[in-house]
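Dear colleague,

I am handing over the structure below, and after it you will find some notes on what was found. Please read them alongside the coordinates.

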Amino acid sequence: MSLEPFGARLRRAMDERGPLCVGIDPHASLLADWGLNDDIAGLERFSRTVVEALADRVAVLKPQSAFFERFGSRGIAVLEKSVEEARAAGALVVMDAKRGDIGSTMAAYAETFLRKDAPLFSDALTVSPYLGYGSLKPAVELARESGAGLFVLALTSNPEGGEVQHAVRGDGRNVGATMLAHLAAENAGETPLGSFGAVVGATLGDLSSYDLDINGPLLAPGIGAQGATAADLAGVFGAAVRNVVPNVSRGVLRHGPDVVALRESAERFAEEIRAAVTAA
Ligand SMILES: O=C(O)c1cc(=O)[nH]c(=O)n1[C@@H]1O[C@H](COP(=O)(O)O)[C@@H](O)[C@H]1O
């Protein structure tokens with residue numbers, strides 16, 4: 001049986017828990033800071049601690065697949081378990097795997113993360129549209145069928161992204177804006193919120209030249225370690241701030257391994273975000 005559409009589930013979670021998304025990014029340096037070994041047991045302990053601390057209170061947890069893949073098949077097994085436990089505790093899971101390939105291969109990635117009974121099924125998946133937005137079609141279709149969602153890289157938080165995303169096309173529109181337009185079309189008519197989100201960095205300054213009104217969520221990484229703050233959100237996103245899911249990874253994770261300290265840190269970010277959204 002398919003789930004209620006991701007957009008509807010996300011809107012409800014944002015209303016009930018606030019919009020904060022915390023990343024599960026087990027960097028080797030964080031494992032060391034937490035007194036853990038850079039091995040499978042350390043990875044498992046790290047991930048379990050984040051899930052235990054936060055899955056019952058934040059709207060979204062976003063495991064960064066790379067840090068699990070680093071350990072091979074046993075790392076993937078930990079990732080699978082983390083996804084399952086986080087979802088069981090009530091968090092929505094956005095798998096940050098940033099997949100993107102020609103359509104026929106994209107279909108296999110979609111089967112991996114978006115097929116309801118797949119071992120790594122997640123509520124949403126980050127994808128790269130830079131083989132052409134149309135290459136994502138199998139993922140869009142399977143997400144719709146399963147009640148899952150996508151977050152498409154539109155305007156990324158890293159300084160190098162502009163080389164591709166700000167490139168101006170023949171029609172005068174830049175590439176990032178084109179991705180936002182594709183997503184707006186995908187989400188047209190959906191209530192209360194479409195399931196096809198954009199990744200738009202919180203680090204990018206004033207984005208008023210973009211139409212961020214895509215009727216879908218805007219995943220906004222960059223708060224904390226990359227220098228953006230919750231207070232920046234209104235200035236960056238304007239009226240679209242209501243649909244922003246701000247992501248913080250290292251900014252929260254550096255407070256571990258103490259569960260209470262992790263919770264307090266997430267709550268501080270959540271408060272700052274609430275204040276920024278209310279003021280907008
Ligand atoms: O898709 C993402 O989540 C993402 C897109 C982007 O433009 N920038 C970005 O930082 N991210 C991810 O968001 C997380 C940011 O981590 P921190 O900088 O530690 O908060 C990492 O897992 C990145 O891979």
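Gly172 counts as exposed because it has 7 C-beta neighbours inside 10 Å (exposed means 12 or fewer other C-beta atoms within 10 Å, buried 20 or more, partly exposed in between, with C-beta atoms placed from the backbone). Gly172 lies in the loop between helix H8 (162–165) and helix H9 (175–187), where helices are DSSP runs of H or I with at least four residues, strands are runs of E with at least two, and both are numbered from the N terminus. The C-alpha atom of Gly172 is separated by 34 Å from that of Cys21, 151 residues apart along the chain.

Please bear in mind that this is a predicted model, in which local features need pLDDT of at least 70 and side-chain atom pairs count only at pLDDT 80 or more, whereas totals for chains, interfaces and linings use all residues. Residues are numbered from 1 along each chain as its sequence is written.

Elsewhere, helix H3 (residues 40–54) packs against helix H5 (residues 73–88) at an angle of about 10°, with their axes 10 Å apart; axes are lines fitted to C-alpha atoms over the stretch in contact, and angles run from 0 to 180 degrees between N-to-C directions. H3 and H5 are therefore roughly parallel to each other, a term for angles under 35 degrees.

Best regards

Notes
Parallel < 35°, antiparallel > 145°, perpendicular 65-115°, else oblique.
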